[in-house]
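Let's take a walk through this model together, starting with its charged contacts and then moving on to its rings and its pocket.

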Amino acid sequence: MIDFGRCFCRNLFMLHWKQICYNVIMEKSEQIMSGITDLNNKLLLLRKPIMEKAMTGFSLSEIAYMEYIALHPDANVTRLATALYMTRGAISKITKKLEKKGMITSYQKPDNKKELYFALTAEGQKIDAIHRQLHQDFLAADQKVFSAFSDSELTTVLRFVDAYNQHLNQELN
């Protein structure tokens, strides 16, 4: 004979236990997301003024644009828009500003006359070098935090960052 009271209690216990586990997981997820948001806000608060002072007259979008074309030969409007999560119209506006400031130049390839590509001028390379040095300085200042973690722990963090980026990329597409 089946003891329905005992089955009900066991199922109720299992349901309660699953809810507790779910709450712990959700609590961790919320803590992680809150922590990421907090980190991002603090990084912007601390580093944006330093970058703006070192690269007076340039917006963070313009700096990101120059960084991208420094790292990616044959950058065009479409690639820039995709990489910087901006519209093609926004990229076109930044392009005009940077050309006017003498930071970038546009060119065409002999085999593709309809596509415009961008490269840094000598002045643009100077700004990019300042930007790269600032990143190196920031990394050096943060090294004491990273050195407190083992390679295995940092690998786990990188796995999470990669997985979450993939998740967000799927949502974007």
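Predicted model: local features only at pLDDT ≥ 70, side-chain atom pairs only at ≥ 80, totals over all residues.

Side chains of opposite charge can pair when their charged atoms come close.

How accessible are the two partners? K42 has a relative accessible area of 46%, so it is partly exposed. D38 is also partly exposed, at 37% relative accessibility.

## Salt bridges across the chain

On which side of the 20% cut-off for burial does each partner fall? R47 has 18% relative accessibility and therefore counts as buried, whereas D142, at 23%, counts as partly exposed.

Another salt bridge is formed by the side chains of K101 and E62, with 3.1 Å from N to O. K101 lies in the loop between helix 4 (88-100) and strand 1 (104-109), while E62 is in helix 2, so this contact ties together parts that are 39 residues apart in sequence.

## Rings and a charge over a ring

How many aromatic pairs does the structure hold? There are three aromatic pairs. One of them is made by F160 and Y164, which are stacked, with 5.8 Å from centre to centre and 15° between the planes. The angle explains the label, because planes under 30 degrees apart count as stacked. F160 and Y164 are four residues apart in helix 6, which means that about one helical turn lies between them. F160 counts as partly exposed, at 33% relative accessibility, and Y164 counts as partly exposed too, at 28%.

A ring also features in a contact with a charged side chain. Here the charged end of K109 sits over the ring of Y117, 4.8 Å from the centre of that ring.

## The largest pocket

Now for the open space in the model. The largest pocket has a volume of about 1,500 Å³. Its lining consists of 33 residues, and those nearest the centre of the pocket are L39, N40, L43, R47 and F146.

Which elements give two or more residues to the lining? They are helix 1 (4-54), helix 2 (60-71), helix 5 (122-146) and helix 6 (151-172). Helix 1 provides the largest share, 11 residues. By residue type, the lining of the largest pocket divides into 21 nonpolar, six polar and six charged residues.

Key:
Residues numbered from 1 in each chain as written. Heavy atoms only, no water. 1 Å grid on protein atoms, 1.4 Å probe; cavity = no way out; pocket = protein on both sides within 12 Å on 5 of 7 lines; lining within 4 Å. Points joined across faces, edges and corners; volume = space filled by probe spheres on them. Nonpolar A, V, L, I, M, F, W, Y, C, P; charged D, E, K, R; others polar. Phe/Tyr/Trp six-rings, centres within 6.5 Å; stacked < 30°, edge-to-face > 60°. Buried < 20%, exposed > 50% of the residue type's maximum accessible area, 1.4 Å probe, protein only. Lys NZ or Arg CZ within 6 Å of the ring centre and 35° of its normal. Salt bridge = Lys/Arg side-chain N within 4 Å of Asp/Glu carboxyl O.
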